[in-house]
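Welcome, and thanks for taking a look. Please open the chain below and keep it in view while you read this short briefing.

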Amino acid sequence: MKNKTSSDTFINIGRRVIAREAAALELLADSLDDSFAKAVDLMLGATGRVIICGMGKSGHVARKIAATLASTGTPAHFVHPAEASHGDLGMMAQGDVALILSNSGETPELADVIAYTRRFSIPMIGVASRPDSTLIKQSDVALILPKAEEACDTGVVPTTSTTMTLALGDALAIALMEHRHFTPENFRDFHPGGKLGARLSKVADLMHSGTELPLIAMEAPMSDVLIAISQKGFGVVGVTAPNGDLAGIITDGDLRRHMKGLLDMTAAEVMTANPKTIAPDALAETAVANMNDRKITCLFVTKAGNGGPPLGILHIHDCLRAGVA
C-alpha cells in the first residue's frame with residue numbers, strides 16, 4: 001500500500017508540473033504582439049549572425065536556441081556571458097543581432113555583453129519577465145515573458161520560465177524558417193548524419209552510376225543480357241533505345257516468362273516497357289515507398305523520374321545500408 005501511495009503521489013506531482021507549464025505556454029502564446037514580429041524582422045535583416053547569451057539555466061536554453069536557429073537556416077552561435085568578459089566579446093560584430101536571455105533581466109554577468117552591444121550599435125533583443133529590468137530597458141526589441149508560477153511549489157527553481165523561453169526561441173526559429181521557405185532538403189544539408197540524415201538522403205546520394213549501370217541495347221541478344229545481369233549483380237538490366245533513353249527493363253521475372261526460346265530473342269522482345277523510374281533529387285525514403293508498393297528491389301533513375309536517359313540505379317539494399325528503410 002505504501003508503494004501505491006508513493007506512486008500516486010509522484011504521478012500527481014508530474015501532472016501538476018506539466019499542467020502548470022502548459023498553462024504558462026498558453027499565456028505566452030496569447031502575449032505575443034508586434035514585438036515578436038519586430039524581433040523576427042531584426043533577425044531576418046542581420047547580415048552576420050544571431051548571437052545568443054544567457055547565464056545558468058538561461059544559458060542552457062540559449063545553447064539549444066542557437067542550435068535550432070543554425071540548423072534551420074539562420075546562422076547563430078552561443079556566447080557565454082562570463083567568457084565574453086574575457087575575450088569572447090570579439091565573437092560579436094556589427095551586422096550581428098544579439099538575443100539576450102535572463103528571467104530577471106538583472107543577471108550581472110550580462111552587463112558587459114549589454115554594454116558592448118550598445119557601444120557598437122549591435123541590435124539587441126531582450127527576453128525577460130520584468131518589463132522594468134535593465135535588460136528590457138536597454139533592448140531594441142523587448143520580449144516579455146508573462147507572469148506565471150514556476151512548476152515547483154517553492155517558486156524558486158527555474159522551470160516554467162525556462163520552458164517559456166525555450167518555446168519562444170522555437171517560435172522565433174520556425175517563423176524565420178517558414179519565411180525563408182526552408183525545406184526538408186535544406187534541413188538535410190545541416191543534418192547529414194544519423195537517422196534524420198538518412199531519412200532525408202536523396203536518391204542521388206545513394207544511387208549507382210557510370211560503369212556500374214546494368215544497361216543493354218534493345219537489339220542485343222538475350223545471351224548478352226544474361227551476362228550483363230550476372231556481372232552487375234542487381235538482378236535487373238536496363239534496355240536503352242537508340243537515342244539513349246531507357247526503353248524498358250529485364251528482370252528475373254521477365255526471364256521466367258520467356259523461358260521458351262529465350263536465347264533466340266532480343267532484349268526488346270523480352271523487356272517490360274516504360275518502367276517505373278525516379279528522379280535523382282527525390283528523397284530516398286520516397287524511392288523505398290515506391291519499391292515497397294510495387295514489390296520490386298530496384299529503381300532506375302532518370303532526370304525527371306518519368307523517362308529519358310538512365311542516370312543511375314538504386315537498390316533497396318543501398319537504402320537499408322544507409323538506414324533509410
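Ile229 has a relative accessible area of 10%, so it counts as buried. Keep in mind that this is a predicted model.

- Ile229 sits in helix α11, which runs over residues 222–232.
- Leaving aside residues up to four places away in sequence, Ile229 touches Phe234, Gly235, Val236, Val237, Ile250, Asp252 and Leu255.
- From Ile229 to Thr162 there are 67 residues in sequence and 61 Å in space, C-alpha to C-alpha.

**The annotated region**

- An unreviewed UniProt entry carries the annotation "domain: CBS" for residues 207–265 and 271–325.

**Helix α3**

- Helix α3 (residues 57–71) has 15 residues and should span 21 Å at 1.5 Å a residue; its end C-alpha atoms lie 22 Å apart, which agrees.
- The buried residues in α3 include Ser58, Val61, Ala62, Ile65, Ala66 and Leu69.
- An α-helix has 3.6 residues a turn, so residues three or four places apart point the same way.

**Cysteines**

- With sulfur pairs required to be within 2.5 Å, the count is 0 disulfides.
- Cys298 is in no disulfide, and the nearest cysteine sulfur, that of Cys319, is 9.8 Å away.
- Cys298 counts as buried because its relative accessibility is 12%.
- Cys53 is buried too, at 0% relative accessibility.

Definitions and conventions: Residues numbered from 1 in each chain as written. Predicted model: local features only at pLDDT ≥ 70, side-chain atom pairs only at ≥ 80, totals over all residues. Heavy atoms only, no water. Buried < 20%, exposed > 50% of the residue type's maximum accessible area, 1.4 Å probe, protein only. Helix = DSSP H or I, 4+ residues; strand = E, 2+ residues; numbered from the N terminus. Expected span 1.5 Å × (residues − 1). UniProt positions renumbered as here; feature names shortened; annotations may be inferred. Contact = heavy atoms within 4.5 Å.
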